[in-house]
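Please keep the sequence and the 3D view open while you read.

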Amino acid sequence: MADQRDRHHRPIRSFVRRAGRLTTSQQRALDELWPVYGVEYAAKLLDFESLFGRRAPVVLEIGFGNGETLVAMAAGQPDRDFIGIEVHDPGIGHCLIAADKAGLPNLRLIAHDAIEVLENQVPSGSLARINLY
């Protein structure tokens, strides 16, 4: 009986992927700005000092939506580094546009499941704060 339950067990996800239409500018941002601000998911720990080019407290935001709050926090706290996790492409595109307009060297984005990012990419004890929405 336990074997049958294990076969049907679905992993917990931190999100529900929503359908949404990308605008032309959001798609362009994903194509052109992701290499600047994006961090590809890989099942290995991130080195925040290398990622940002400095040593600073790191704030992680899960579910940043369209990124307005995340961008405002990064702009208002240049002494901290910010990582935003989101899976909704239109929101990521919107955030990329705003981050680029604000010229934020202290912001990076990850488009992946937050649970896997926390388990595999975030070193233990490395975050100053987590914002969860």
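This is a predicted model: local features need pLDDT of at least 70, side-chain atom pairs count only at pLDDT 80 or more; totals for chains, interfaces and linings use all residues.

Q: What share of the residues is buried?
A: Buried means under 20% relative accessible area, exposed means over 50%, and partly exposed lies in between (1.4 Å probe, protein chains only). Here, 37% of the 133 residues in the protein chain are buried.

Q: And how much of the contact pattern joins residues 24 or more positions apart?
A: Contact means heavy atoms within 4.5 Å. Of the contacts in the protein chain with a separation of 6 or more, 81% are between residues 24 or more positions apart.

Q: How do I describe two packed helices?
A: Two values do it: the angle between the axes and the distance between the axes. Axes are lines fitted to C-alpha atoms, for helices over the stretch in contact, and angles run from 0 to 180 degrees between N-to-C directions. Take helix H5 (residues 68-76) and helix H6 (residues 89-102): their axes come within 9 Å and cross at roughly 20°. H5 is therefore roughly parallel to H6. As for the wording, angles under 35 degrees count as roughly parallel, over 145 as roughly antiparallel, 65 to 115 as roughly perpendicular and the rest as oblique.

Q: Which residues make the contact of H5 with H6?
A: From H5 come Glu68, Leu70 and Val71, and from H6 come His94, Cys95, Ala98, Ala99 and Ala102. They divide into six nonpolar, one polar and one charged. In this sorting, Ala, Val, Leu, Ile, Met, Phe, Trp, Tyr, Cys and Pro count as nonpolar, Asp, Glu, Lys and Arg as charged, and the others, Gly among them, as polar.

Q: At what angle do H2 and H6 cross?
A: The axes of helix H2 (residues 24-32) and H6 cross at roughly 75° and come within 8 Å, so H2 is roughly perpendicular to H6. H2 brings Ser25, Gln26, Ala29 and Leu30 to the contact, and H6 brings Asp89, Pro90, Ile92, Gly93, His94, Leu96 and Ile97. Six of these residues are nonpolar, four polar and one charged.

Q: Where is Leu22, and what does Leu22 contact?
A: Leu22 sits in the loop between helix H1 (2-8) and H2, and at 23% relative accessibility Leu22 is partly exposed. Leaving aside neighbours within four places in sequence, Leu22 is in contact with Gln27, Leu30, Asp89 and Pro90.

Q: How many salt bridges does the structure hold?
A: Side chains of opposite charge can pair when their charged atoms come close. A salt bridge is a side-chain nitrogen of Lys or Arg within 4 Å of a carboxyl oxygen of Asp or Glu. The structure holds two. One joins Glu49 and Arg55, with the closest N and O atoms 3.8 Å apart; Glu49 is partly exposed at 40%, and Arg55 is exposed at 73%. Another joins Arg54 and Asp81 at 2.6 Å, N to O. Arg54 lies in the loop between helix H4 (48-52) and strand S1 (58-62) and Asp81 in strand S2 (residues 81-85), so this pair ties together parts that are 27 residues apart in sequence.

Q: Is Gln121 buried or exposed?
A: Gln121 is buried, with a relative accessible area of 1%. Gln121 is in the loop between H7 and strand S4 (129-132), and its contacts include Val39, Tyr41, Ala42 and Ile110.

Notes:
Residues are numbered from 1 along each chain as its sequence is written. Side-chain values use heavy atoms; hydrogens and water are left out. Helices (H or I, at least four residues) and strands (E, at least two) are DSSP runs, numbered from the N terminus.
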